Amino acid sequence: MSLAEVMQGQVAIDAPNMPREERKVYNAWRLRILFTVVFGYSAYYILRQNYAYAIPELSAEFGYSKAQLGMVSSMFFVVYGIGKFVNGYFSDRSDARYFISIGLFLSAVVSFLMGFSENLWIFGGLWVLNGWFQSMGWPPVARLISHWYSPKELGTKWALCASSHQIGAMAIAMLAPFLIMMYGWSYAFFIPAIIAAGSAFVLFERLRDTPKEVGLPTVEYYKGDSNKVDPLADERITVAEVLQQVIKNKLVWFVAIGNMCLYIPRLGILVWAPTFLKEVKGVSLIVAGGQAATFELAGLVGGLIAGWLSDRIFQGRRGPVSTIFMVLTAGALYLEWLIPAGYPWLDTLVLGAAGFFIYGPQVLAGVAATDFASKRAAGVASGFIGVMASLGSCISGAGVGLIVDNYGWEAGFMLFVITGLIGAFFFALTWHQRAKILD
């Protein structure tokens, strides 16, 4: 029995019947795809979080207000959210290898140009353009991971892929403050752009769209679920199927609204933590960068544990973990506001707890959307919840900037707490739901 026979539909196989050498090849490709995706999307993130560390310097050097700089951030997320949905559709109809590589390279070009920009309109326009190219990153990741890994293991493997968020954010949290202090804010855009441009070529060389592209059967055959294989698994999704599986799916909507709510505190911390810690807690930008890195490091662990819990303890149900973690996120952020200045280690500990809890549902939202739609709609479903996340991101940028300018940081943190609890409610509506293939 050969793989060629399987691909031609002549023989149905499951994992125990696959020849040992062929299984080794399959496993090697799965690991290659997984680690390349983590590396590649980390590179995307260093071109997204550098702006947060440039905000204090841009404000000091050019006199821009928090509302103005927050508006630039919000416009980025509007375009990013729309782009994730649009590019989600096109990525599901394209080769993920090309899509993710081109997006990263173009994002690097825009970031490099931003280092030369001093006018707020030009700078903001380039940052918004960067939002579109950034939106070309995660939809093909969702497509890749859902074609190379099955729903039985998707929570854990998706969490491993999503660790790229924290790896990239931690890298730029340590790199950007150093570059700004040593060479000026422009280098927080120059150097990451050069790193990311090189990474785009690595992605193109290492990735492959689906197992079929390298002569392998679907992951359902590999995992012994041959009776559950979607006969259209390798077909490109149609507009009608997008409407049915995503837009009209109430479970996807619940996840999307919950995701919108979690993005308000998540992006609020990412965008404003350096400024808040410097102004309110009285620490240097270097220390603030280290504290923000702790938020990301703890988030990496939280995302992995959340994925494992949803796969092993809750048997593929993502709702329980997301609900519990969102409630604990709200509690951690409320505590962070209560801590007085002069306790940097306590601030670091509580921010780490907030990161741990908030990245659990952030990881699982994409998994749940794919579970409730289908792997053929993975990019579109991820893009759809990304649109809703962009609404939350807008509030975290311009909204928080305006609130803090007019009512102070306390009002901003109360917003984070309230939206965290609302997000928990919507995730709870999916408490008993999981992918159909697991039923």
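D347 forms a salt bridge with K281, and their closest N and O atoms are 3.3 Å apart. The pair connects distant parts of the chain, 66 residues apart: D347 sits in helix 15 (residues 344–372), and K281 in the loop between helix 12 (250–279) and helix 13. Both D347 and K281 are buried. Here, buried means under 20% relative accessible area, exposed means over 50%, and partly exposed lies in between (1.4 Å probe, protein chains only). A salt bridge is a side-chain nitrogen of Lys or Arg within 4 Å of a carboxyl oxygen of Asp or Glu. Helices (H or I, at least four residues) and strands (E, at least two) are DSSP runs, numbered from the N terminus.

The model is predicted: local features need pLDDT of at least 70, side-chain atom pairs count only at pLDDT 80 or more, and totals for chains, interfaces and linings use all residues. Residues are numbered from 1 along each chain as its sequence is written, and side-chain values use heavy atoms, with hydrogens and water left out.

The structure holds nine salt bridges. One of them joins the side chains of R318 and D311, at 2.8 Å from N to O. R318 is buried, as is D311. An α-helix has 3.6 residues a turn, so residues three or four places apart point the same way. K24 is partly exposed, with a relative accessible area of 49%.

Helix packing was examined next. Helix 8 (residues 154–183) packs with helix 13 (residues 285–313) at an angle of about 175°, and their axes are 8 Å apart. Helix 8 is therefore roughly antiparallel to helix 13. Axes are lines fitted to C-alpha atoms, for helices over the stretch in contact, and angles run from 0 to 180 degrees between N-to-C directions. Angles under 35 degrees count as roughly parallel, over 145 as roughly antiparallel, 65 to 115 as roughly perpendicular and the rest as oblique. The contact of helix 8 with helix 13 involves 19 nonpolar, eleven polar and two charged residues.

Helix 7 (residues 138–148) is largely enclosed by the rest of the structure, because eleven of its eleven residues are buried. Among them are W138, R143, H147 and W148. N50 lies in helix 3 (residues 50–62). N50 is also buried, with a relative accessible area of 0%. The C-alpha atoms of N50 and A173 are separated by 7.8 Å, although the two residues are 123 residues apart along the chain.

Helix 5 (96–114) and helix 9 (187–206) each supply at least two residues. The largest share, seven residues, comes from helix 5. F204 is located in helix 9, and F204 is partly exposed, with a relative accessible area of 32%.

Q315 has a positive phi of about 55°, although Q315 is not a glycine. Q315 lies in the loop between helix 13 and helix 14 (319–338). The relative accessible area of Q315 is 45%, so Q315 is partly exposed.

How values were computed
Nonpolar A, V, L, I, M, F, W, Y, C, P; charged D, E, K, R; others polar.
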